[in-house]
Amino acid sequence: MAEPELKDKVEELIKDHEVLLFMKGTPEQPRCGFSMRVVGVLDSMGVEYAALDVLPALEPLREATGEIADWRTFPQLYVKGDLLGGCDIVEEMADSGELAEMLGAEATSETAAEAPASAKQDLQQADPQQSPPMQIENS
Amino acid sequence: MAIALNEVRLLIEAALPGAQVEVVDETGTSDHLKATVTAAQFEGLSRIDQHRMVKKACQARFDDGSIHALSITTMTPDG
């Protein structure tokens, strides 16, 4: 069972950031090869994203994402509130061009008003800069 | 604790009857594995859902630490 408070917080983060990466370490200092590869893909595409270091609360976050997205390993990339995947899927979609299409469409926030009605328009833009790693108290 | 590649393959095949499964050891330590799975069951599913099915098949071996990392590539028979 995930701690309800942490789970709420994680759900909120996912909702509040169009592109959110849960990773081991930080974009500047990844602590896992798979996380590093996802950062590499995102950086090479010039995508704005928020990153959260999971290491300070690894097991509680595993529980939380396990319940939220049925996925317990990191990295995890969320786009518009949904889990896109881990390193394999992100790299595969980057190679096929699907990722650029998906993220590129979002990067142009000016055209958001023209997005299909089905698009979630109430999502806040991700912070202009990568968010500093959020502190999660592992109580 | 390492795991036999064959066991991983059998777990995936049991979860996805008829699937073509190839499992290789990426590091020579038998705990960083790479599975390539071709299954008709993936038809119409998002990649993340396809990966979920493969992971779920091996979940017990993740939980007991036999597998540290499983890299997954999924395909449908049609391409």
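Trainee: Before we start, what does partly exposed mean?
Mentor: Count the other C-beta atoms within 10 Å of a residue's own. A residue is buried at 20 or more, exposed at 12 or fewer, and partly exposed in between. Keep in mind that this model is predicted.

Trainee: OK. Why does A:Asp70 count as partly exposed?
Mentor: Because A:Asp70 has 13 C-beta neighbours inside 10 Å. That number falls between the two cut-offs, 12 and 20.

Trainee: Which other residue has a positive phi although it is not a glycine?
Mentor: A:Lys80, with a phi of about 50 degrees. Its place is the loop between S3 and S4 of chain A.

Trainee: Is A:Lys80 buried or partly exposed?
Mentor: Partly exposed, because 17 other C-beta atoms lie within 10 Å of A:Lys80.

Trainee: Back to the loop between H3 and S3. Which proline is found there?
Mentor: A:Pro75. For chain A, helix H3 covers 58-69 and strand S3 covers 76-79.

Trainee: Cis or trans, the peptide bond from A:Phe74 to A:Pro75?
Mentor: Cis. Omega is near 10 degrees.

Trainee: Which residues make the contact?
Mentor: H1(A) brings A:Leu6, A:Lys7, A:Val10 and A:Glu11. From H3(A) come A:Pro60, A:Leu61, A:Ala64, A:Thr65, A:Glu67 and A:Ile68.

Trainee: How does that contact of H1(A) with H3(A) split by class?
Mentor: Six residues are nonpolar, one is polar and three are charged.

Trainee: Last one. How many residues of chain A and chain B are in contact?
Mentor: Six from chain A and seven from chain B.

Trainee: Which elements give two or more residues to chain A's side?
Mentor: Strand S4 (82-85) and helix H4 (87-96) of chain A. The largest share, three residues, comes from S4(A).

Trainee: And what classes are on the side of chain A that touches chain B?
Mentor: Three nonpolar, one polar and two charged.

Methods: Residues are numbered from 1 along each chain as its sequence is written. Chains are lettered from A and ligands numbered from 1 in the order in which they are written. This is a predicted model: local features need pLDDT of at least 70, side-chain atom pairs count only at pLDDT 80 or more; totals for chains, interfaces and linings use all residues. Two residues are in contact if their C-beta atoms, placed from the backbone, lie within 7 Å. Helices (H or I, at least four residues) and strands (E, at least two) are DSSP runs, numbered from the N terminus. Ala, Val, Leu, Ile, Met, Phe, Trp, Tyr, Cys and Pro count as nonpolar, Asp, Glu, Lys and Arg as charged, and the others, Gly among them, as polar.
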